[in-house]
Structures are given as C-alpha cells and as structure tokens.
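Good morning, and thank you for the time.

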Amino acid sequence: MPSSDERDIVEELARLPTLAHPTVAPNSEAVAFYYDTTGRNELHVLDTATGDRTQWSDGEVPRNARWYVEWAADGDRVYFHLDDAGNEQNDIYALDRPGENDAGGGAEPVVEMDGQVTLLDVGEDGETLLVGSNRDGQLNVYRHDLPTAETTKVTDYDRAVWTATLSPDCERMAYATNETDDYDNRDVYVSAADGSNARNLHIGEVGAEATPADWGPDGDRLLVGDNTTDLGRIGVYNLRDEAVTWLGDGEYEETPTAFLPDGERVVGTRDRDAVTVPVIYDIETEEGREFDLPDGVADFGMAGSPVLDEDRVVLTHTTPTTRPELLAYDCSTDSTEVLVEADHGPFEPDDFADAEYFTVASDGVPETPAAAVDHDPADELDIGALLYDSGERPSPLVVNPHGGPRARDAKQFDLYTQVLTARGYSVLQVNYRGSTGRGRAFVERLIDDWGGAEQGDVATAAEAALAEHEWLDQDRVVVFGGSYGGYSAYWQLVQYPDLYDAGIAWIGLTDLEDMFENTMPHYRTELMEKYLGTPEENPTLYEQRSPVTHAANLDAPLFILHGVNDRRVPVSQARIFRDRLAELGYTEGPDGDVEYTELGEEGHASSDQEQKLRMFRLLTDFLDRRV
C-alpha cells in the first residue's frame, strides 16, 4: 500500500462498504441484506433474475448491522431489529416494499417489549412470528399473532431459550434449552406452537449440546446439530420413528444450516484449521462433499433462508485478502454465480496482509513469569494461530485475542487487522483453548478457568511468534482485544507484564462479580454461570480471575475504550478499572499511565462507518504515540 503520508488509508479502510445478513425471499425472487454503500447501513434488496439492487430503507434501520433481517411470508416486507444507539434492547420493526416513487417503504413497529427482543422465526402462514425476549427476566419464546397484534409467552424456562423454529404448517415449533443440572447441556424440544405438549427429543447425551436448525418440507423431520461425540455433527431427526440419521465421518466440526427443497439433501458448514467451508449431504446415501470454493470463510447467514431454488443456495465468501462477496452456489454442478461482487474500494487484494496459519504446543504456562496467579501446567495442546505480516522491518507486534470466548479467528477479511497492518503493526490472533472449531472438549477446557491456561496459550503463541520471526520487534509488543478479548487484554497486562509494552482493552471485563450482576440475564446464566458458577458459589474464583484485583501489576501504557450503551459488558467494567488505577496512583492522560475514552451512541462495538473510523483513529493514534 502507499504510505499514510500519501493517503489517509485508515479512512479509506473504514469507508469500505460491508454487506451483511443476506436472506432469501420466500418466492426466491430476491435477496435482502444490509449494505452501507451510501456511508450508512441500509436495507438493500437484490432481484435475483435481473441483478438489479434496490435500497428499501432511508435511515430507518440501525446504523450498526449487528442484528439480522428476515422476510415476511408474502415477500413484500422485511423485518429488522431496532435498538437505541447500540444498546441491543431491540424491538422488531418492518419495512414494506417501496412504491415506484418512494425511496423507502416506511418502517413500522411490529413487536415492542421491554428488554431485548429477537426475531426467531417467521411462519409460512403469514400470521405467526416467534420472538425471543428477556422481558420477564430470562430469555424465553413468545408467539406474536400478526392479525391481532397479540404477543403471548409460550415457554417459561429458568435457562435461556436461544433458538426456535416453526414447522411448515405453523402448528409446532422446535427449540433448544436446558432443564438439567449440567450447565453444559442443551436439549432439543418439540411442542405445539402455543408451547403446550413440549417433549424433549433426547438427542445426544446429557452434558452435550443439541440444537434444531430447520424443519424438513414435509414437517416430519428436523435438521439438528449435536456434539455428543465431541466434534459437532449434522443429523436428521425423524419425528415419526424418533430416530436420528447422523451424517459425515466425524473428522471435522460441522454445523447444520438447512434442508434443500427436495427434502433429500441438507447443507451446513465445516470447520478445519482456520477455514470454514460449506458441505452438502444426501440423507439417503449419507454421502457428502465440500463446496468447491477457495480456502476462506463461507457463511450462510445468521437467520432466514439461504435456499434460492431446488439446487442453489446463497452465501457470503471471504479470505484474509478478499472482501465478502455474495454468491449463488449450484449444488448440482458445483458452479458459482457472483450476485454482489466484493468491494475493495481503492485497494486490490494484494494490498492486504495475508494470514500465515501455524500451531504451537502449549501447556498453558508460558516462559514469561506470571505476576497475578500461578498455575500448574495444563494438558499440552496444539494451539492454532494466525500471523499477519505488516511488512514493516522491524515490525511491532499486536497480539489480538478474539472475543466470545466461544468463537475463533479464521481466514477471513478482518478490517481491524488490515488497519493495523497498514499502519505497520503485524498482528497475531490465537485460538486459545475454549475456542470453537475444535470440538466440545476443547471448548469446555475454559470452564472454571477464565484467566488460566487459555491466557497462557495466548502468551505462549506470542513468545513462539517472536522467537520464530526475527523481524518482529521484541521491545514493541502490544495486546489489543474487545469483549472477552478485552478481558484477555486486561489479563495479559496484569498476568504477564514483562511481555507487553502497551495494551488496549476495548469493551472488556474487569470485575467478574459486577459483570454477573449487571449483564443481561441470558449472559448471566449462559456465560458467567456456565463458565464460572455464581459469585456466591465461587467467590474466590470470581475475585482471583478479575483483572481489577491485580491492577497494581500494570506496567505499560493502557488505553481503555468502552461503549456507554453496552448491555452485554456494561460500561461499569471500564469505570471500575479506571477508578482502581487512580486509587493506586496511576496517572491518566495522553502522557500518563492510562488513557480512557467512553464511546457515545455506541454499545458492544459497531459496524457503522463513522463509529469504526472513530475507533480506528483512537486506536492508531494511541499506538503511534505510545508504541
């Protein structure tokens, strides 16, 4: 790339348009998605026959494209989630198809309730919506009747109900929750659409996680996922004989997505190393194959249907150096049609830093001494990592642990990484124990051990990268992360202060008991309690693994950033750490020990171009001054 003296590369990167959440209309004649080609996130609809794209919204949808969209049954309106400046306390709104002379069809509220509301499914009858809401405390399922506008609670569980899907006749629903004492467990239930006559299908063993993905077109089968055998697998559950046909050979982690219209084939995704590729299975023969796509990350979307017609599905595909493009993939011929080309703006793919994937053996105890908590060695595992070379010589290194923690870094285009490499900072991403893509046992290694061996994995990978690549500057090593990655940034700085020369903690956790008390109810049970128990049960663990407990170990400049409207990780987390540093005598300011910024009109990160640009400016300004 040209140097930043010649171009404002940071702004050009922030302005690259991003396409998100494609979903196919019920008549397969259109695909709806978010796209910010105008500089603001808007709802766009692509005519699949002509290739024409129409902008349906004109400022009505959120600036941040975090939440997905879904079509109404008639194909003439699209439902979307609307919150208040990123606080994720969504209501469900709808946009109608615009008329000939309208810029947009006008948005109207459809489901409004206190707390967070999420659209779970749209009934084929044109009258029924399933939504999730934590209005009464825990996240449960509600049935919304469109003709009467009445919303009725249809499940009432103590644990969160994360997903629900209606049968084709809208008389039944399938959903997933947990009624056992094992916090790792999740079961699939089928009930009447009003929630009555619920029965557990007992897919998999207790302690494993099962999830419904789609109903077969005949309404007698469910596409399900389960990780009883460790790696996630795809199965078809026959409701008539109560038996499951499991597909695949179990070599890789796989996740189900949808039935094809013939009801005889299903599609899903497969994770291997740092790649995600779609797979298709024939149910009768149980034979399957991967889609013929370049190594990268393919995504069918979070909700709605990816099925375009009898043989074609819609997906996005990206690599570390290529932006997302929208594709129609023909499963019968393994051919691909580009529906929306990847937009690289003024750049070429060769301008971007590529990812080198490598593994490092780690027992969770790096060579760098621990300053906060001493750990015995854990099981030695091969930990996967991605290294992006900025080309700078010598190059400072930004260690960038992912959020989640139930997530992973993969070979896809990462805008934050490209901003950093464009400014001369090489980037290391680490799929520490607890990350996805490696099976149930790998995920569960993080239970009761936040701030333990997984943080040792991050430090061990950083040590390995520094030892292997002499062009990395060992005196300019930074840790930067958001959400659980923000927790990791705080923890790396207080646990391994000798390793780092600066740190940036963004929307991160610092006080685990405060997090437990103030996050949303479903994060309290499904994140905090699942991984750590309650503060009453495990007070020592909550205190010991809170970065604020060890704030006095901070020995490098720290930049704290947090969105004021964050309801996942409340802004109190940042304020608590800042105030503790002040009590300990650390100085705040551009030349002080800590720099602190609260991001207004923003919650748990944002995809909005202006808000991304603000974040990029803050990030690179701190790094350029302090590193």
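Please note that the model is predicted, so to speak of local features we require pLDDT of at least 70, and for side-chain atom pairs 80 or more, while totals for chains, interfaces and linings use all residues. Residues are numbered from 1 along each chain as its sequence is written, and side-chain values use heavy atoms, without hydrogens and water.

Strand β19, residues 233–238, runs antiparallel to β20 and is joined to β20 by five bridges. Strands here are DSSP runs of E, at least two residues, and helices are runs of H or I, at least four, numbered from the N terminus; two strands pair if DSSP finds at least two bridges between them. Both strands belong to an open, antiparallel sheet of four, ordered β17-β18-β19-β20. Because β17 (210–215) and β20 (243–247) each have a single partner strand, one side of each is left without a neighbour in the sheet.

Next, strand β22, residues 265–272: are its residues buried or exposed? Eight of its eight residues are buried, meaning under 20% relative accessible area with a 1.4 Å probe, protein chains only.

Finally, the largest nonpolar core has 60 residues. Such a core is a set of buried Ala, Val, Leu, Ile, Met, Phe, Trp, Tyr and Cys residues joined through side-chain atoms within 4.5 Å. Helix α5, residues 484–495, supplies its largest share, seven residues.

Methods. Buried < 20%, exposed > 50% of the residue type's maximum accessible area, 1.4 Å probe, protein only.
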